[in-house]
Amino acid sequence: MKLLTEILEAVVLASSQIRPDIYLLSLEAPTISRDARPGQFVHIRCSHTYDPLLRRPLSIHDIGSKGELVLLFQAKGRGTAWLAGQQAGNRINVLGPVGQGFSIVANKKVAIVAGGLGVVPLLFLARKLLESDNEVNFFLGAQDCDKLLRLEALRRMEVNLFLATDDGSAGFKGTVTDLWKKHLRPGAFDWAYACGPQAEMAEFARLAERVALPAEVSLEERMACGIGLCRGCVTAVCDASGHKKYENVCSCGPVFNAAAVCWED
Amino acid sequence: MERVQAVKGHQGSLEVEIAGITLQNPVMPAAGTFGFGEELAPFIDLNRLGAIVVKTLTLHPTPGNPPPRISETYSGLLNSIGLQNPGVEKFVQVKLPYLRQLKPPLIVNIAGRTISEYAELASRLSGEAGIKALEVNISCPNVKEGGIIFGTVPEMAAQVTAAVKKQTSLPVIVKLTPNVTDITEVAKAVVDAGADALALINTLRGMAIDLETRRPALGNIIGGLSGPAIKPVALYAVWRVARAVKVPIIGMGGIMTAHDVIEFMLAGATAVAVGTASLVNPRALIEIIEGLEDYVAAQGIDDVRELIGAVQI
């Protein structure tokens, strides 16, 4: 397949701080918006110098109604802090779209399980799954009701929304995986997708496998090149014959078949 | 536009020669930052490079180190990849046919756990069409067996070089580690053992600690530092080695721009390798070559070889 990845200087259209450490950034990057598939990411230079040096991988959060590329991220290090400081009109160097996205099924009952910042790639996924006439059941979890991200945006979409918080301040009290488990019976869903903390995705994968449910996860790993040059961002997966091997999260993922990931590593 | 006119106005030659191989320009990728070439092909015209250098090959498939393998430092990159590669047989079957049809000379980088593995790799690859030189990696800081062990003791470095030379008629480039007291001792030892050229420097050993977990930031505990942070160290090593040996040097370590290339050439490098820059900007190799074209044009330099070792002391 022809690689559609490009490097471009994207104009910042808008930036807003939606939580003390969470930012929503929209960029004008028409070719990336046109070619992006849910689960893919963009790799962003977070400096005009060599410090910070490396790009930062950010999953594509949404494509807006006017074709804008929407990113949702937590400012937690020097790179993302720089990105959080960018204002409308600034130009930033973006490489993308990169990576293997989620499988987009049609006419199915699907479950989407989002823990914390795991909502980032899953909102765009929900939008595309709705376009393909799926029944979308969206399970959204966080530590408390203030940390449930993009709640209003999800409420405006035609998804069945289920909420979970660790402290019970909104919806089910417990993890989002525990909430999903209560709805999980053989045949309840045809396909499932997840992104969130490692332990929750491991549990998601175990539960899905138990009822033979096809399931995909989006993984995160420290990354350098983002395009398969350096083998820096690997995760352990089991191949068909059960042998463990390391695969690039950037070019073989970031979306993986949940059953293939070696979760204990 | 300005660039095109400058080059038209004066077209200095960028051609250099390393161990009998002519390079159309002195810029090549550093092993391990270029995959097996195909990964960068969507971004740059590989045929414009001075040479092609692919990821280190081992005799058998190498799984590499446990993640995390990457940790960013101030203007630098710590990595502990651990030579992950599919092994020499799969390389020959799957990767070589693609690389063979590219125009720039192909340099294949090899690493063994023992001296006999180096020799076996050299012998296996020498019979394959399309390979123009071998680069012997005796400087990887991230593997338990072989690698850097051979690069830190001059006698062992010489033994590896001699063993490889015995198995191949291809030019042999030996890639040196800076993690030694005196890099010129190792350089002289491998040249005496028959090395046709030297490549330096490989990464500097380093580590980082995650304060949240109080564990090393890298799965392998230690890694190798690259990027602009190490450039002065690399330049100094090239300058010293250039004064100590007569063979050509491929200089590397933190090169990000054409001006960095000029510095390495003035210090004594005949050619250069660009590594970490490609991980930040996939077009870096080509932008550096174009920057070099601009530089020689602007300076009225007829032949880029004038620059080699021309630093005024």
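The stops below cover the chain interface and then the aromatic rings.

This is a predicted model: local features need pLDDT of at least 70, side-chain atom pairs count only at pLDDT 80 or more, and totals for chains, interfaces and linings use all residues. Residues are numbered from 1 along each chain as its sequence is written, chains are lettered from A and ligands numbered from 1 in the order written, and side-chain values use heavy atoms, with hydrogens and water left out.

**Stop 1: the interface**

Select chain A and chain B. Here 26 residues of chain A are in contact with 36 residues of chain B; contact means heavy atoms within 4.5 Å. The area buried between the two chains is about 2,700 Å². Buried area is the accessible area (1.4 Å probe) that two parts lose on being put together, summed over both. Carbon and sulfur atoms give 64% of the area between chain A and chain B.

**Stop 2: charges across the interface**

Pick A:Arg56 and B:Glu72. They form a salt bridge, with the closest N and O atoms 2.7 Å apart. The term needs a side-chain nitrogen of Lys or Arg within 4 Å of a carboxyl oxygen of Asp or Glu. Across this interface, two salt bridges are found. Now colour the side of chain A that touches chain B by residue class: 15 residues are nonpolar, three polar and eight charged. In this scheme Ala, Val, Leu, Ile, Met, Phe, Trp, Tyr, Cys and Pro are nonpolar, Asp, Glu, Lys and Arg charged, and the others, Gly among them, polar.

**Stop 3: an edge-to-face pair**

How many aromatic pairs are there over all chains? The count is nine. Rings of Phe, Tyr and Trp (its six-membered ring) pair if their centres lie within 6.5 Å; planes under 30 degrees apart are stacked, over 60 edge-to-face, the rest tilted. Select A:Phe139 and A:Phe189. This pair is edge-to-face, at 6.2 Å centre to centre and 85 degrees between the planes. A:Phe139 is buried at 0% relative accessibility, and A:Phe189 is buried at 9%. Buried means under 20% relative accessible area, exposed over 50%, partly exposed in between (1.4 Å probe, protein chains only).

**Stop 4: a tilted pair**

Move to A:Trp180 and A:Phe204. Their ring centres are 4.9 Å apart and their planes at 35 degrees, so the pair is tilted. A:Trp180 is buried at 0%, and A:Phe204 is buried at 1%.

**Stop 5: the cluster**

A:Phe139, A:Phe162, A:Trp180, A:Phe189 and A:Phe204 form one aromatic cluster.
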